[in-house]
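Please read the report below alongside the sequence and the three-dimensional view.

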Amino acid sequence: MASRTRKMFSKALGRSREVVERVRQRVSGPPSPYRPGDQVRVSFGASGGGDVEYGTSLLAAARTHDVDLDHFCGGNSSCGTCRVRIRSGAEHLSEMHMNEEIVLGVDAVRSGDRLACQARALGPVEAEIPEFFLVR
Ligand code: FES
């Protein structure tokens, strides 16, 4: 009896995992070909860029490749000076959390901006540093 219940539970669990995966793919598209440990390209237009490890924040990518990008709060998601506009690859960024949305504000979020200290590259990303934040 317990064995039969276990089999039924296992079968139902398998079906629900399939449903969850189908819904996930419908919402977020096909699974990303990039995996932890991969190198992904992060570029900042004319300011530079280069390859970094999957999961690296855009701020860390900028610092690794000597791209001047302000970060007055030290990457604590409170100053907004690391704001970048995403030109392509937004689907390859980590999810935006509520604090990032609050710091950016509604207009910047709608424009596709992200905080470089919070957004992690999970695939190739092309970002642009707003001119008023460029260090000269
Ligand atoms: S460094 Fe301050 S919000 Fe990103």
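Predicted model: local features only at pLDDT ≥ 70, side-chain atom pairs only at ≥ 80, totals over all residues.

## Strand pairing and the sheet

Residues are numbered from 1 along each chain as its sequence is written.

Helices (H or I, at least four residues) and strands (E, at least two) are DSSP runs numbered from the N terminus, and two strands pair if DSSP finds at least two bridges between them. The chain holds 4 helices and 5 strands, and along the sequence these follow the pattern α-β-β-α-β-α-α-β-β.

The 5 strands form an open sheet in the order 2-1-5-3-4, with mixed pairing. Strand 2 and strand 4 (113-115) stand at the edges with a single partner strand each, so one side of each is left without a neighbour in the sheet. From one strand to the next the twist averages 40 degrees, where axes are lines fitted to C-alpha atoms (for helices over the stretch in contact) and angles run from 0 to 180 degrees between N-to-C directions. The pairings are listed here.

| Strands | Direction | Bridges |
|---|---|---|
| strand 1 (residues 39-43) and strand 2 (residues 49-53) | antiparallel | 5 bridges |
| strand 1 and strand 5 (residues 125-128) | parallel | 2 bridges |
| strand 3 (residues 83-88) and strand 4 | antiparallel | 3 bridges |
| strand 3 and strand 5 | antiparallel | 3 bridges |

Individual residues illustrate these pairings: R41 has D51 in strand 2 as its bridge partner, V42 has V125 in strand 5, and S88 stands opposite E126 in strand 5. The hairpin of strand 1 and strand 2 has 5 residues between the strands, and within this hairpin G45 takes a positive phi near 60 degrees.

## The chain as a whole

The domain assignment, which is automatic or comes from a database, gives domain 1 (1-31) and domain 2 (39-133). Taken over C-alpha atoms, the centres of domain 1 and domain 2 are separated by 36 Å. The C-alpha atoms of the chain fill a box of roughly 75 × 30 × 25 Å along the principal axes. The radius of gyration of the chain is 19 Å, whereas a compact globule of 136 residues would have one near 14 Å; this radius is taken over C-alpha atoms, and the globule rule is 2.2 Å times the number of residues to the power 0.38.

## The interior

What share of the 136 residues of the chain counts as buried? The share is 24%, where a residue is buried if 20 or more other C-beta atoms, placed from the backbone, lie within 10 Å of its own.

The largest nonpolar core has 23 residues, and those with the most contacts inside it are L58, A62, A116 and A121; such a core is a set of buried Ala, Val, Leu, Ile, Met, Phe, Trp, Tyr and Cys residues joined through C-beta atoms within 7 Å. Two or more residues of this core come from each of strand 1, helix 2 (58-64), helix 3 (98-104) and strand 5, and helix 2 gives the largest share, 4 residues.

Leaving aside neighbours within four places in sequence, A121 is in contact with V40, V42, V52, T56, L58, A61, H92 and L93, contact being defined by C-beta atoms, placed from the backbone, that lie within 7 Å.

Terms used:
Buried ≥ 20, exposed ≤ 12 C-beta atoms within 10 Å, placed from the backbone. Contact = placed C-beta atoms within 7 Å.
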